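Here's a quick briefing to read alongside the model. Have the sequence and the 3D view open as you go.

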Amino acid sequence: MGDGSKPPLCLGTAGHVDHGKTWLVRALTGKDTDRLPEEKARGISIDLGYAPLELPDGRRLSVVDVPGHERFVRTMVAGATGIDLFLLVIDAAEGPRPQTHEHLAIIHLLGIDDGVVAVTKADAVDAEALELALEEARKLVAGAAVVAVSAKTGEGLAELLTALARAADSLQRCVARETEAPTRLFVDRAFTLRGIGTVATGTLWSGSIGAGDELRVDPAGLDVRIRSVQVHDRPVERAVAGQRVAVSLPGVERQALRRGDALVEPGAFPTSYRLDLVLEQLWPIRDGLRVRVHHGTAAIAARVVRVGERFAQL
């Protein structure tokens with residue numbers, strides 16, 4: 001898994017639809033993250049895609065490729081939770097668009113401060129237009145490295161990998177990740193494989209996970225046992241926090257799992273109908289507003305109740 005002295009990290013893409021996220025991930029990793037027939041037919045990402053990325057220093061990042069279309073922002077949020085670094089993609093010809101700004105806002109709200117900006121399709125514009133696009137990107141994301149790239153010609157890919165390696169080295173958020181903490185894996189996909197049974201995948205938020213572990217699926221309250229563990233299609237004895245994980249669950253029906261469920265150490269994480277939050281508002285949020293809360297990979301309908309007399313009565 002690369003340099004064992006460095007904690008595993010997860011890289012998430014962000015950017016407007018058709019700005020080249022999936023093509024860039026394919027050029028960097030050799031893996032096509034668009035796996036659904038509808039994605040192939042429409043030429044856009046609809047669901048989350050995953051791939052391993054080897055950096056020049058030997059470290060392997062787990063890449064989460066998210067949809068850019070406005071209809072799939074909820075899916076983007078499900079993929080963005082749990083990532084450590086962002087790879088913001090901006091088309092050199094179009095510049096920042098609505099979902100560019102929306103994805104940046106989501107990244108900010110999730111506290112993801114480290115990343116790199118890739119100005120894509122550099123081969124499709126002249127030198128003057130490219131320099132203007134690079135300057136606009138630098139102003140949009142101050143402090144982040146900005147690299148001109150072309151997935152078609154390979155231009156800038158080596159420089160982009162170097163920039164990602166530097167961002168990974170300077171990252172401080174990984175220090176807070178506890179591999180000794182209780183296991184917590186939020187499910188983003190569940191499916192059935194012939195001869196294996198039900199498989200769940202997700203980014204391991206905390207702790208570690210290995211064959212034989214007995215965990216609990218919350219909020220359903222289902223007890224499960226792990227048969228085997230893989231990290232990017234490679235069997236491992238134990239996976240640790242920060243890695244993309246696939247676990248096989250014998251005796252569990254596929255329908256018993258869904259995106260948003262959490263595989264956790266029994267008794268370690270209490271369930272609740274209420275969250276106490278400090279709101280960082282992008283616009284005014286009124287008391288009583290119906291909202292959708294994104295936590296882990298779950299999206300749950302909720303209502304905002306301000307702290308005060310009404311709160312005390314709940």
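Leaving out neighbours within four places in sequence, Ala200 is in contact (heavy atoms within 4.5 Å) with Val187, Arg189, Ala190, Val245, Ala246, Val247, Leu249 and Leu257. Keep in mind that this is a predicted model, where local features need pLDDT of at least 70 and side-chain atom pairs count only at pLDDT 80 or more, while totals for chains, interfaces and linings use all residues. Residues are numbered from 1 along each chain as its sequence is written, and side-chain values use heavy atoms, with hydrogens and water left out.

**Around Ala200**

- Ala200 sits in strand E9, residues 197-206; helices (H or I, at least four residues) and strands (E, at least two) are DSSP runs, numbered from the N terminus.
- Ala200 is buried, at a relative accessible area of 1%; buried means under 20%, exposed over 50%, and partly exposed in between, using a 1.4 Å probe and protein chains only.
- Val247 is 47 residues away from Ala200 along the chain, yet their C-alpha atoms are separated by 5.5 Å.

- Six of the six residues of E3 are buried, so the strand is largely enclosed by the rest of the structure.
- In a regular strand the side chains alternate between the two faces of the sheet.
- Here Arg60, Ser62 and Val64 point one way from E3, Leu61, Val63 and Asp65 point the other way, and all are buried.
- E1 pairs with E3 in the parallel sense over four bridges, and pairing requires at least two bridges found by DSSP between two strands.
- Within that part of the fold, Cys10 has Ser62 of E3 as its bridge partner.
- E2 runs antiparallel to E3, joined to it by six bridges, and Ala51 stands opposite Val63 in E3.
- The E2-E3 hairpin has five residues between its strands, and Gly58 in the turn has a positive phi of about 95°.

**Helix H1**

- H1 covers residues 21-29, and its buried residues are Lys21, Thr22, Leu24, Val25 and Leu28.
- Looking down the axis of H1, these buried residues fall within an arc of 160°, so they line one face of the helix; the arc is taken from the directions from the helix axis to the C-beta atoms.
- They pack against strands E1 (9-15), E2 (49-54), E3 (60-65), E4 (85-91) and E5 (114-120), plus helix H6 (157-170).

**H1 against H6**

- The axes of H1 and H6 come within 11 Å and cross at roughly 90°.
- That makes H1 roughly perpendicular to H6 (65 to 115 degrees; under 35 is roughly parallel, over 145 roughly antiparallel, and the rest oblique).
- Leu24, Ala27 and Leu28 of H1 make the contact with Leu157, Leu160 and Leu161 of H6.

- Lys121, in the loop between E5 and helix H5 (127-140), has a positive phi near 60° without being a glycine.
- Lys121 is partly exposed, with a relative accessible area of 29%.
- Asp233 also isn't a glycine, and has a positive phi of about 70°; you'll find Asp233 in the loop between strands E13 (228-231) and E14 (234-235).
- Asp233 is exposed, at a relative accessible area of 59%.
- The Asp218 to Pro219 peptide bond is cis, with omega near 10°, and Pro219 is in the loop between strands E11 (214-218) and E12 (222-225).

Definitions and conventions: Axes fitted to C-alpha atoms, helices over the stretch in contact; angles between N-to-C directions.
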